[in-house]
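Reader: I would like to learn how to read a model like this one. Could we take a few features in turn?

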Amino acid sequence: MQILNWRRYVLQECGADCAKFQKSELEHKFNKKALERPYTSKHSWGKTYGEHKRHLEFSHDQYRELKKYAEEIGIFFTASGMDEMAVEFLHELDVPFFKVGSGDTNNFLYLEKTAKKGRPMVISSGMQSMKTMRQVYQTVKPINPNFCILQCTSAYPLQPEDVNLRVISEYQSAFPDIPIGYSGHETGIAISVAAVALGAKVLERHVTLDKTWKGSDHQASLEPSELAELVRAVRTVEKALGSPIKQLLPCEMACNEKLGKSVVAKVTIPEGTVLTLDMLTVKVGEPKGCLPEDIFDLVGKKVKVHIEEDETITEDAIENHVKKVKC
């Protein structure tokens with residue numbers, strides 16, 4: 001299968017963590033009239049929508065082959081179960097998690113049945129309201145607490161003004177006990193990288209070998225080189241997010257030694273003088289002395305030694321000086 005060779009390159013070389021497909025049992029996802037509907041789009045693979053979908057749908061055996069191949073190359077493999085019977089098949093296939101596509105996010109009967117399977121769930125929120133997403137949370141959480149919600153806008157390709165990345169923060173506030181992620185259908189990688197910077201813990205993007213291929217999703221997909229670039233950018237952002245603790249870091253020591261300032265005598269200060277603010281200034285000094293943030297604490301203190309004008313005021317020169325620990 002060409003798809004296997006493609007996935008080897010995309011997943012091993014580009015660094016993605018998981019390959020996700022879409023699985024439908026067509027007679028359970030569509031009613032008869034929907035399958036018989038004429039389909040004359042330039043993207044069509046058949047005269048009716050049913051013929052089109054049957055042409056594209058992988059068989060159970062093909063899914064088993066894909067999963068086996070994913071295991072061989074060391075990558076996670078799953079699919080969006082697009083109807084209840086598809087979920088049953090994926091459960092039998094022993095996928096690591098279920099993906100709930102946006103079209104089923106307000107399908108609460110489906111959500112309940114899927115949640116009861118006990119597998120982790122990733123739930124997209126395209127086409128939904130905040131009211132619905134609160135109901136999704138309230139429905140799934142008591143049954144299966146191991147799930148996350150993805151901000152998503154269901155348009156292909158998605159324009160930047162319709163992305164609404166701020167919803168990620170809204171979800172984080174409303175649902176602080178579950179991970180929040182992003183499912184993107186935009187072109188390029190910048191918006192997806194921004195989603196990670198905002199705290200997205202799961203990132204989903206469509207991937208194609210050629211954006212000019214037949215099918216509406218290809219334009220909203222990443223080609224392998226873009227996927228590789230996205231993965232590199234995401235890993236960099238993950239490192240850059242770092243720690244919330246603000247402190248002087250080891251990597252800053254050289255700059256601090258070279259350019260960090262000290263309190264310096266603005267005038268000659270005889271031994272025994274009680275310091276006033278007008279006697280002090282701040283400069284890059286040699287040697288290092290009292291820190292600039294301590295200048296107000298020096299006021300009213302007595303100096304133990306004679307200090308020349310423009311000389312650094314060191315801690316040892318101050319009577320009863322208590323050294324502060326800089327955190």
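**Reading the model**

Author: Start with a helix residue. This is a predicted model. Alanine 174 lies in helix H9, which spans residues 166-174.

Reader: Is alanine 174 buried, exposed or partly exposed?

Author: Buried means under 20% relative accessible area, and exposed means over 50%. Alanine 174 has 24%, so alanine 174 is partly exposed.

Reader: Which residues is alanine 174 in contact with, leaving aside neighbours within four places in sequence?

Author: Met130 and Arg134. For a distance, take proline 145. Alanine 174 and proline 145 are 29 residues apart in sequence and 15 Å apart in space, C-alpha to C-alpha.

Reader: Now the largest nonpolar core. Which residues touch the most other members?

Author: Leu111, Met121 and Tyr182, out of 41 residues in that core. Helix H5, residues 60-73, gives the most to this core, with 5 residues. Beyond four places in sequence, methionine 121 touches Phe98, Val100 and Leu111, among others.

Reader: What about charge? How far is lysine 53 from the nearest side chain of opposite charge?

Author: A salt bridge needs a side-chain nitrogen within 4 Å of a carboxyl oxygen. Lysine 53 is buried yet has no salt bridge. The nearest side chain of opposite charge, glutamate 57, is 5.4 Å away. Lysine 53 lies in helix H4, residues 49-56. Leaving out residues up to four places away in sequence, lysine 53 touches Leu26 and Phe30.

Reader: Where does UniProt place the AFP-like domain?

Author: The unreviewed UniProt entry puts that domain at residues 262-321. Over this stretch the chain is 7% helix and 13% strand. The end C-alpha atoms are 16 Å apart.

Definitions and conventions:
Residues are numbered from 1 along each chain as its sequence is written. This is a predicted model: local features need pLDDT of at least 70, side-chain atom pairs count only at pLDDT 80 or more; totals for chains, interfaces and linings use all residues. Side-chain values use heavy atoms; hydrogens and water are left out. Helices (H or I, at least four residues) and strands (E, at least two) are DSSP runs, numbered from the N terminus. Buried means under 20% relative accessible area, exposed over 50%, partly exposed in between (1.4 Å probe, protein chains only). Contact means heavy atoms within 4.5 Å. UniProt positions are given in the numbering used here, feature names are shortened, and annotations may be inferred rather than shown by experiment. A nonpolar core is a set of buried Ala, Val, Leu, Ile, Met, Phe, Trp, Tyr and Cys residues joined through side-chain atoms within 4.5 Å. Lys and Arg count as positive and Asp and Glu as negative; His and the chain ends are not counted.
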